[in-house]
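Here is my note on the model you sent. Keep the structure open beside you and look up each residue as you come to it.

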Amino acid sequence: MTSANAPRLDGQEKSVYWVAGLVVLLAALCGLFYYKWGAALRTIGGVQTAGHWTGSAQGLTTGGVLTASLYYFRRIWLALVYGLLIGAAVRAFVSPRRVVALLGAGGPVRRQLAGGVAGTPLMLCSCCITPIFTSVYERGARLGSALALMLASPA
């Protein structure tokens with residue numbers, strides 16, 4: 001089937017897809033914010049209750065690097081899944097032209113500021129932002145703006 005014979009979407013069908021995509025994106029972002037802020041607030045509450053930080057570095061002090069690694073993975077697995085899902089969504093739904101328009105056009109300062117603004121609300125650790133960085137860079141963003149997105153997220 002050639003592109004001339006392919007079925008075309010009318011304006012109403014396109015808007016339904018946009019709304020559905022926006023709802024899925026907002027649900028994912030709300031879940032991420034709830035997860036990140038909830039964990040931070042629980043940690044603050046625990047510190048206030050105990051009067052000191054009970055910490056999570058016991059595995060490192062006793063030499064159990066594997067135990068500490070597993071503990072770390074248990075803490076970040078959900079954020080890593082979010083990073084992978086957002087990276088996959090960028091690859092699947094965002095055209096390279098749109099990525100270039102946002103993160104590849106204009107001067108270097110504008111591109112890096114746009115990358116920083118795009119990365120700030122994600123609040124992912126450096127391990128979890130990597131799939132998003134890779135997706136954005138491979139879709140056409142300049143290296144500087146993709147790095148700004150990556151560095152702004154854990155900040």
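1. Let us begin with one residue. S153 counts as buried because its relative accessibility is 2%, and the cut-off for buried is under 20%. You will find S153 in the segment after α7. Leaving aside neighbours within four places in sequence, S153 is in contact with G119, L122, M123, L124 and I129. Please keep in mind that this is a predicted model.

2. Now step back to the whole chain. The protein has 7 helices and 0 strands, and along the sequence the pattern reads α-α-α-α-α-α-α. Of the 155 residues in the protein, 25% are buried. Among contacts with a separation of 6 or more, 71% are between residues 24 or more positions apart.

3. Next, go back to α7 itself. Its buried residues are S145, A146, A148, L149, M150 and A152. What covers them? The cover includes α4, α5 and α6.

4. A152 and G115 are 37 residues apart in sequence, while their C-alpha atoms are 7.9 Å apart in space.

5. That brings us to α5. This helix covers residues 108–119, 12 residues in total. From its first C-alpha to its last it reaches 16 Å, close to the 16 Å expected at 1.5 Å a residue. R111, A114, G115, G116 and G119 are buried in α5. The cover over these buried residues includes α4 (96–103) and α7 (143–152). Notice that α5 is in turn part of what covers the buried residues of α7.

6. Between α4 and α5 there is a loop, and G104 is found in it. Is G104 buried or exposed? At 13% relative accessibility, G104 counts as buried. Not counting residues up to four places away in sequence, G104 touches V99, R111 and R142. R111 is also one of the buried residues of α5. Another of these, A114, is 10 residues from G104 in sequence and 9.5 Å from it in space, C-alpha to C-alpha.

7. In α6, the buried residues are C128, I129, P131, I132, F133, S135 and V136. I129 is also one of the contacts of S153. After α6 comes G140, which has a positive phi, near 125 degrees.

8. How many salt bridges are there? The count comes to 1. The side chains of E138 and R91 meet in it, at 2.7 Å from N to O. This pair links distant parts of the chain: E138 is in helix α6 and R91 in helix α3, 47 residues apart. E138 counts as exposed because its relative accessibility is 52%, and exposed means over 50%. R91, with a relative accessible area of 39%, is partly exposed.

9. The largest pocket holds about 1300 Å³. It is lined by 32 residues, and the closest to its centre are W18, L25, A89, F93 and V94. The elements giving two or more residues to this lining are α1 (11–50), α3 (65–93), α4, α5 and α6 (126–138). Which of the elements gives the most to the lining? It is α1, with 10 residues. By type, the lining of the largest pocket divides into 27 nonpolar, 2 polar and 3 charged residues.

Notes
Residues are numbered from 1 along each chain as its sequence is written. This is a predicted model: local features need pLDDT of at least 70, side-chain atom pairs count only at pLDDT 80 or more; totals for chains, interfaces and linings use all residues. Side-chain values use heavy atoms; hydrogens and water are left out. Helices (H or I, at least four residues) and strands (E, at least two) are DSSP runs, numbered from the N terminus. The expected span of a helix is 1.5 Å times one less than its number of residues. Buried means under 20% relative accessible area, exposed over 50%, partly exposed in between (1.4 Å probe, protein chains only). Contact means heavy atoms within 4.5 Å. On a 1 Å grid over the protein atoms alone, a cavity is a set of points where a 1.4 Å probe fits but cannot get out, and a pocket is an open set with protein on both sides within 12 Å along at least five of seven lines; lining residues have an atom within 4 Å of a point. Grid points are joined across faces, edges and corners, and a volume is the space filled by probe spheres set on the points. Ala, Val, Leu, Ile, Met, Phe, Trp, Tyr, Cys and Pro count as nonpolar, Asp, Glu, Lys and Arg as charged, and the others, Gly among them, as polar. A salt bridge is a side-chain nitrogen of Lys or Arg within 4 Å of a carboxyl oxygen of Asp or Glu.
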